[in-house]
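Please consult the sequence and the 3D view alongside the points below.

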Amino acid sequence: MFLKHRALQAEYFDLPDRPVAEQVDGYRMLAQTNRIFLLRRTFTTLLPQWLGPERCRELSILDLGAGDGSLGNELTAWAKTRGWNWRITNLDLNTQAMRLNPAARFVASSALALPFRDASFDVVIASQMAHHFMHEDEVAQHFREAWRVTKDLLFLNDLHRNYFLYAVVWLLLRLSRYPEHFVSDGLLSVRRSWRIPEWQALAARAGIPQARIWLYFCSRVLLQARKQTKSI
Ligand SMILES: C[S@@+](CC[C@H](N)C(=O)[O-])C[C@H]1O[C@@H](n2cnc3c(N)ncnc32)[C@H](O)[C@@H]1O
């Protein structure tokens with residue numbers, strides 16, 4: 001497929017030694033874009049639906065590749081409005097990202113070798129991160145590790161590789177007048193992303209039984225798997 005771009009180049013976002021101010025700006029623009037694409041709503045709609053309100057009262061959640069932890073902040077604040085206590089642990093390789101959000105709980109580590117025991121968190125999530133890996137072996141290892149440390153629910157999401165999303169991202173980022181590197185990263189993100197059968201194969205390689213993988217609003221691939229109850 002024309003859009004497929006795996007193994008060609010990494011995103012500018014991932015280059016080491018970028019100026020700190022530029023990294024800060026990158027995370028700020030990403031958080032803005034996530035708000036436009038209603039990223040938080042994916043979690044606030046689906047997590048309570050799967051876990052039920054009782055279970056949602058107290059949750060430990062690990063967010064892999066959390067960036068500056070904006071999603072975790074939004075989820076914690078949203079849960080609080082319902083009287084729920086969602087304790088988020090943000091994990092990322094980028095230590096600059098952590099400095100942007102000093103009040104949040106951060107762990108500096110690779111998602112490929114998580115510094116946690118098996119079944120350490122009620123819920124493990126990752127958002128828009130799998131496409132950052134250069135090799136599919138790494139993606140399978142990321143899935144395997146995420147599955148190992150969840151006690152109950154694994155919920156991963158990333159972009160779906162399709163022309164419609166490519167066009168929407170192009171239009172939105174151009175209209176928003178973001179810097180050229182951010183626009184080309186956005187487009188590259190779509191090209192480096194996924195189709196459903198690819199994630200099905202990766203979930204099977206990672207040994208995640210009964211993983212449910214589907215297309216969400218023409219723009220995202222979602223993976224959901226449960227340890228404590230049957231998937232969905
Ligand atoms: C596009 S950002 C996604 C941030 C956030 N999850 C979101 O949805 O906006 C990808 C993040 O993954 C992080 N990352 C890339 N490879 C990683 C790895 N091996 N382990 C942990 N984090 C990683 C990057 O530092 C970056 O912050």
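Leaving out residues up to four places away in sequence, Asp118 touches Arg148 and Val149, where contact requires C-beta atoms, placed from the backbone, to lie within 7 Å. The model is a predicted one: local features need pLDDT of at least 70, side-chain atom pairs count only at pLDDT 80 or more, and totals for chains, interfaces and linings use all residues. Residues are numbered from 1 along each chain as its sequence is written.

**Asp118 and its surroundings**
- Asp118 is placed in the loop between β3 (105-108) and β4 (121-127); helices (H or I, at least four residues) and strands (E, at least two) are DSSP runs, numbered from the N terminus.
- Asp118 counts as exposed, having 10 C-beta neighbours inside 10 Å; the classes are buried for 20 or more other C-beta atoms within 10 Å of a residue's own, exposed for 12 or fewer, and partly exposed in between, with C-beta atoms placed from the backbone.
- Between Asp118 and Lys151 the C-alpha to C-alpha distance is 7.7 Å, although 33 residues separate them in sequence.

**Overall fold**
- The protein chain contains eight helices and seven strands.
- Its radius of gyration, taken over C-alpha atoms, is 17 Å, close to the 17 Å that the globule rule gives for 232 residues, so the chain is as compact as a globular protein of that length. The globule rule is 2.2 Å times the number of residues to the power 0.38.
- The C-alpha trace spans about 45 × 40 × 30 Å along its principal axes.
- Of the 232 residues, 37% count as buried.
- Among contacts with a separation of 6 or more, 72% come from residues 24 or more positions apart.

**Nonpolar cores**
- In soluble globular proteins, nonpolar side chains tend to be buried together.
- The largest nonpolar core has 45 residues, of which Leu64, Val123, Phe143, Leu154 and Ala203 touch the most other members; such a core is a set of buried Ala, Val, Leu, Ile, Met, Phe, Trp, Tyr and Cys residues joined through C-beta atoms within 7 Å.
- Another core, of five residues, lies apart from it and includes Leu159, Val169, Leu173 and Val190.
- Setting aside neighbours within four places in sequence, Phe143 is in contact with Leu202, Ala203, Ala206 and Ile208.

**Helix α8**
- Within α8 (residues 196-205), the residues Trp199, Leu202 and Ala203 are buried.
- Seen down the axis of α8, these buried residues fall within an arc of 100 degrees, so they line one face of the helix; the arc is that of the directions from the helix axis to the C-beta atoms.
- The partners against which the buried residues of α8 pack are α5 (136-149), β6 (212-216) and β7 (220-226).
- After α8 comes Gly207, with a positive phi near 75 degrees.

- Most residues other than glycine have a negative phi.
- Arg177, in the loop between α6 (163-175) and α7 (180-191), has a positive phi near 55 degrees. Arg177 is exposed, with 7 other C-beta atoms within 10 Å.
- Gln210, in the loop between α8 and β6, has a positive phi of about 55 degrees. Gln210 is exposed, with 11 other C-beta atoms within 10 Å.

**Ligand shell**
- There are 17 residues around the ligand, and Gly65, Gly67, Asn94, Ala111 and Ser127 come nearest; a residue is near if its C-beta atom, placed from the backbone, lies within 6 Å.
- The shell comprises eight nonpolar, eight polar and one charged residues. Ala, Val, Leu, Ile, Met, Phe, Trp, Tyr, Cys and Pro count as nonpolar, Asp, Glu, Lys and Arg as charged, and the others, Gly among them, as polar.

How values were computed: Contact = placed C-beta atoms within 7 Å.
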